[in-house]
Amino acid sequence: MQLPNDIQATVARALAEDIGTGDVTAGLIPADKQASATVISREDAVLCGVAWFDEVFRQLDPAVRIEWQYQDGERVATNALLCTLQGSARSILSGERAALNFLQTLSATATATRRYVDLVAHTSCRILDTRKTLPGLRTAQKYAVLCGGGTNHRIGLYDRVLIKENHIMAAGSITAAIQQARALHPGILVEVETENLQELAEATAAHADIIMLDEYSLADMREAVRMTAGKIPLEASGGVSPETLVAIAETGVDFVSIGGITKHVRAVDLSMRFVPE
């Protein structure tokens, strides 16, 4: 998995908002005080965010040494020792919250994604993310989805045409919207959101690259799979939860998109503690 190219800038913003003009509390510690610390997982999780964690301390104090016991994408158990840090006590204290914020949040997305991926492992269905990401963390959370075994949908509004209900109304029809998309953006994938089988038939006839099935019943999903016969990938969306996912995947759809893996996550419980001398 390739790391995003904006990690340095993302971390710089996080440090600027947290430290500002300086860490007045860490300044109470003697400048030459050295310390060792550990990061422990307080619950089972899938780890993600190592590069962001490391970048925090690279920007604050490259002399801080970090030794990892796990890497991105690996499962960690409750009370697992994730890494150790050694270096300036001031630097470790100043970077602690920003570093843990990245590690906890990205591990949360990776963990949530893995939960859904595991549920459909017996099918060929893949779990997709959405654009419902935390502001400023789009590429980071998209990377975390990959670490959890998921698949990235479009990154933003620029890399795929996604024609939804309001676009269709403004364009006049699904067919007209697809034709305009082909004329303006040749070479870019064109996906169409449909709400019923009639719209599905029109999107199929207009040669959409991907068709989204929005809030379809399970029976209609199965019929959509039959109608398209594997010629056009189908993405199910809406009303997806751990309780409904398996039945949706077993209809034969190719993808299920889940906004919750990036917007409804709860930070993984991690703890950094100084090691007594």
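**View 1. Strands E3 and E5 run antiparallel and are joined by four bridges.** Within this pair, Trp-68 stands opposite Cys-83 of E5. The model is predicted: local features require pLDDT of at least 70 and side-chain atom pairs count only at pLDDT 80 or more, while totals for chains, interfaces and linings use all residues. Residues are numbered from 1 along each chain as its sequence is written, and side-chain values use heavy atoms, with hydrogens and water left out. Helices (H or I, at least four residues) and strands (E, at least two) are DSSP runs numbered from the N terminus. Two strands pair if DSSP finds at least two bridges between them.

**View 2. An open sheet of four strands has the order E3-E5-E1-E12, with antiparallel pairing.** Strand E3 (65-68) and E12 are the edge strands, each pairing on one side only. From one strand to the next the twist averages 15 degrees. Helix H2 lies across E1, E3, E5 and E12 and runs at about 165 degrees to E3. Axes are lines fitted to C-alpha atoms, for helices over the stretch in contact (heavy atoms within 4.5 Å); angles run from 0 to 180 degrees between N-to-C directions.

**View 3. The largest nonpolar core has 41 residues.** Such a core is a set of buried Ala, Val, Leu, Ile, Met, Phe, Trp, Tyr and Cys residues joined through side-chain atoms within 4.5 Å. Buried means under 20% relative accessible area, with a 1.4 Å probe and protein chains only. Val-39, Trp-52, Phe-53, Leu-82, Leu-85 and Met-272 have the most contacts inside this core. Among the elements that each supply at least two of its residues are helix H1 (7-19), strand E1 (34-41), helix H2 (50-60) and strand E12 (270-274). H3 gives the most, with nine residues. At least three residues come from each of domain 1 (6-115 + 265-274) and domain 2 (118-263), with bounds from an automatic or database domain assignment.

**View 4. Phe-53 and its contacts.** Leaving aside neighbours within four places in sequence, Phe-53 is in contact with Val-39, Ile-66, Trp-68, Cys-83, Leu-85, Ala-99, Leu-100, Leu-103 and Met-272.

**View 5. An open sheet of six strands has the order E6-E11-E10-E9-E8-E7, with parallel pairing.** The edge strands are strand E6 (126-128) and E7, each of which pairs on one side only. Neighbouring strands are turned against each other by 25 degrees on average, direction ignored. E6 runs parallel to strand E11 (residues 255-257) and is joined to it by three bridges. The bridge partner of Leu-128 in E11 is Ser-257.

**View 6. Strand E8 (residues 190-194) has five of its five residues buried, so the strand is largely enclosed by the rest of the structure.** On one side are Val-190, Val-192 and Thr-194, on the other Glu-191 and Glu-193, and all are buried. Strand E7 (residues 161-163) runs parallel to E8 and is joined to it by three bridges, with Ile-163 opposite Val-192. Four bridges join E8 to strand E9 (residues 210-214), also in parallel; here Glu-191 has Ile-210 as its bridge partner. The chain crosses from E8 through helix H7 (residues 197-205) to E9 in a right-handed β-α-β crossover; that is, with the strands pointing away from the viewer, the path from the first strand over the helix to the second runs clockwise. H7 lies across E8, E9 and strand E10 (234-237), at about 165 degrees to E8.

Notes: Buried means under 20% relative accessible area, exposed over 50%, partly exposed in between (1.4 Å probe, protein chains only).
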